[in-house]
There are 2 protein chains.
Amino acid sequence: MAENKALSKVKSQKVLGGYVEKYIHTSSTLGGLKASFNLFIPHLADGEKANVLMFLSGLTCTEENFITKAGAIPHAAEHKIFLLCPDTSPRGAGCPEEDENWDFGTGAGFYVNATNQRYSKFYNMYDYVNKELIALVNDNFPTSGKISVFGHSMGGHGALISYLKNPGLYATASAYAPICNPCLCPWGEKCFGGFLDSKEEWAAYDATELVNAMKKEGKDMTANILIDQGSADGFLEKKQLLPENLIEACKGTSITLNYRLADGYDHSYYFIQTFIKDHIEHHVNAMK
Amino acid sequence: MAENKALSKVKSQKVLGGYVEKYIHTSSTLGGLKASFNLFIPHLADGEKANVLMFLSGLTCTEENFITKAGAIPHAAEHKIFLLCPDTSPRGAGCPEEDENWDFGTGAGFYVNATNQRYSKFYNMYDYVNKELIALVNDNFPTSGKISVFGHSMGGHGALISYLKNPGLYATASAYAPICNPCLCPWGEKCFGGFLDSKEEWAAYDATELVNAMKKEGKDMTANILIDQGSADGFLEKKQLLPENLIEACKGTSITLNYRLADGYDHSYYFIQTFIKDHIEHHVNAMK
């Protein structure tokens, strides 16, 4: 465990025998801005290592929402895994229009690397979560090297593309109410349109289009993805999530998409906590 | 289940097979102000009734903190109990100095009935939680009639005095890091001094003094109270909590005080969630 002097511990709070710790560091991927994350560190014996499960949050969230509200810690403590909770965007970048709407910019980095030069210095959440942050955590904590990823809504989109675009990096992916086909929904159109220079770049950050492209190229991928979706989620009706498109895309591939429509649940952390045990067990099993 | 037209449902969110519902009503005890509470309603069969466990929150909290952050719902769902989460003070009373400090007034009702005429129309949280709110919930939901109470910090104080002052009403009490002897700590002195006309009234709202008075009067009470306290809780060191005084008072009585000092835990909801299973089981067993 190398000591990284760039990583400052802001807070350490004991919980269920482990600790939730908040760190801040200067992120090169995010243009030199300060970035914060929370990490649940399970109780480990001397020399013991643990797997890492990263959760990507949704629009408007920070590194706080999941760790405080999802009910995940009892299960992470039981299975002795790290829970890694990054923020959802750079903060204080000062880019145009970043603070005008809740669904673009601050709190809404959409897990892409911006190519539009108005955003490209700072808005690189794709590289931040998949490269910089994981390397930082592996360098500074007793991790096993095994990682898995899940997320909610915009972060569900982030988890799915992170998994599909990085074969071998993550053990599996799961998602709660993910934005499955952002190229075709208002949230995706807004963020892709703002962050990316050309419409041709969109599909590379879209889970449904990634699977479709794979099929077109005659490639396949063996995978087992868990998705939970609440039937009373207003964003489902508003066609922001489009799980049906991802389900259709996965047909004829080796991706087993375990899609569960849960009667009466909405888009909130109450929905997330209802199925948290299943999701954590899904990842724990995949990391075995 | 009588329909109370004064009780408005603001929100209903499904969680773990039950619902967290937020209600607002006009409170006569709080001078006609609107008051909000959250209620977890477990999944019940037709005609089935459930016990009620009320949680009183600490300084600065609202009806939201416990229900979102304590990790209580999985256990309440398992044991099929209601979780009742009131606010910590009247809101918008317009009384002098109520918004000048975080530890007096708004968010800091201290579970007393004010006698100082500057506050006495509105600041009656003692009667609100012990009388008005419980009657309202019993009138409007399929409750069994069995109730129990717990709380945190200022709310731990509230839970202890509510239990001690109302023999037979609550099955038991438990508390996280409660203010055990408010007559002798800065928080208590400030709130009692502000809300109550005379210093002679203070002891009637102080758990340690209530037990001392009971002993003096030759009375006794059979009880089993659970208190968890984190050893890294800064307010313990600052002598705001004074559990040692309550422990001393309970000696020679029939009150079994199960006081547990938990190594390394602070005053936060991470501490609360660490021991939530024990607390809920303590109440479930007492309500059997």
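## A parallel strand pair in chain B

In this predicted model, Val149(B) stands opposite Ala173(B) in β7(B). Strands β6 (residues 143–152) and β7 (residues 170–176) of chain B run parallel and are joined by 5 bridges; two strands pair if DSSP finds at least two bridges between them. Strands (E, at least two residues) and helices (H or I, at least four) are DSSP runs, numbered from the N terminus.

## The sheet and a helix on it

Both strands are part of an open sheet of 9 strands in chain B, with mixed pairing and the order β1-β2-β3-β5-β4-β6-β7-β8-β9. At its edges stand β1 (8–15) and β9 (255–262) of chain B, each with a single partner strand, so one side of each has no neighbour in the sheet.

Helix α8 (residues 243–250) of chain B packs on the sheet, touching β8 (223–230) and β9 of chain B. Touching here means C-beta atoms, placed from the backbone, within 7 Å.

## Chain A as a whole

Turning to chain A, you will find 10 helices and 9 strands. Its C-alpha atoms fill a box of roughly 50 × 40 × 35 Å, taken along the principal axes. Of the 288 residues of chain A, 53% count as buried, that is, with 20 or more other C-beta atoms within 10 Å of their own C-beta, placed from the backbone.

## Reading the model

Residues are numbered from 1 along each chain as its sequence is written, and chains are lettered from A and ligands numbered from 1 in the order in which they are written. Local features need pLDDT of at least 70, side-chain atom pairs count only at pLDDT 80 or more, and totals for chains, interfaces and linings use all residues.

Conventions: Buried ≥ 20, exposed ≤ 12 C-beta atoms within 10 Å, placed from the backbone. Contact = placed C-beta atoms within 7 Å. Axes fitted to C-alpha atoms, helices over the stretch in contact; angles between N-to-C directions.
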